[in-house]
Amino acid sequence: MEPAVRDFGKLFEGVPRGAWVAIAHDESRVVAYAAEMKEAIRKAQELGEESPIIARVPQSPAAFAF
Amino acid sequence: MARHEIRYSEFNCAPDASFPNGQKVKRPILPIRLVNGGNRLTCYAIVDSGADHCTFPLSFALELGLDPLTRPASEIAGVGSGAVPTFYWTIGIEVPTIATLEIYAGFTSGLEGVGLGLLGQSGFFDRAKVEFDHRSDLFVIEI
């Protein structure tokens, strides 16, 4: 099992910070994005992506320490 | 137990005072599917040995049909913030081609800003053997 997305910086290029993104099930591209998660899902489904992968372009482009 | 080798994913961090050229960071990320009855949500989660519990953004709970108004809140703490309310439910987690687990997972507004889940000690590390091999750009899950 291998996530197809190696470089999320590249995948998220052009998407505003803080946006929720709906990613194609094969992880090849961002299908849709929106300020609200539900809206991103709805847009993706309208474009034929029934079960997109949901992620968010981090609001803060900082390193994580959980 | 089956052994699954997975490559790290890269994220960009913006330039700041300590890293004037910005930085690329590697994170051990998995695509997973959260399941509550007929409701499903596919997302990413960080395999996070520092997390006590498996925890997800609160909006994921709403998408799964889980209502925080029906649950008492617990508190969890992380770097740079005080404790944040967290709501727990038992849900299913499908890690494609690896495993399906039933776990007691937390959902908190504290993860809204990152939009990722955390696969932590209780629920994930207590069921899977995990090896981190950053130098080889791999992490390994045996479950």
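Let's start with chain B of this predicted model, which is built from 1 helix and 12 strands.

How much of chain B is tucked away inside? Buried residues account for 36% of its 143 residues. As for how the chain folds back on itself, take the contacts in chain B with a separation of 6 or more: 54% of them join residues 24 or more positions apart.

Now for the partner. Chain A has 66 residues, and 36% of them count as buried. It carries 2 helices and 3 strands, and from the N terminus on these run α-β-β-α-β. Here, among contacts with a separation of 6 or more, residues 24 or more positions apart make up 40%.

So where do the two chains meet? On one side, 34 residues of chain B take part, in contact with 25 residues of chain A. Several elements of chain B each supply at least two residues to the side that touches chain A: strands S1 (3-7), S2 (9-13), S3 (23-27), S4 (29-36) and S5 (39-47), along with helix H1 (58-63). Sorted by class, that side of chain B has 18 nonpolar, 10 polar and 6 charged residues.

One of those strands, S5(B), also pairs with a strand from the other chain. Strand S3 of chain A, residues 53-56, lines up with S5(B) in the parallel sense, over 2 bridges. If you want a spot to look at, find Ile54(A): its bridge partner in S5(B) is Cys43(B).

Is Lys43(A) buried or exposed, or something in between? With 16 other C-beta atoms within 10 Å, Lys43(A) is partly exposed, because a residue needs 20 or more to be buried and 12 or fewer to be exposed. Which residues does Lys43(A) touch, leaving aside its neighbours within four places in sequence? They are Ala22(A), Ala32(A) and Ala34(A). Take Ala22(A): it lies 21 residues from Lys43(A) along the chain, and their C-alpha atoms are separated by 8.4 Å.

How values were computed: Residues are numbered from 1 along each chain as its sequence is written. Chains are lettered from A and ligands numbered from 1 in the order in which they are written. This is a predicted model: local features need pLDDT of at least 70, side-chain atom pairs count only at pLDDT 80 or more; totals for chains, interfaces and linings use all residues. Helices (H or I, at least four residues) and strands (E, at least two) are DSSP runs, numbered from the N terminus. Two residues are in contact if their C-beta atoms, placed from the backbone, lie within 7 Å. Ala, Val, Leu, Ile, Met, Phe, Trp, Tyr, Cys and Pro count as nonpolar, Asp, Glu, Lys and Arg as charged, and the others, Gly among them, as polar. Two strands pair if DSSP finds at least two bridges between them.
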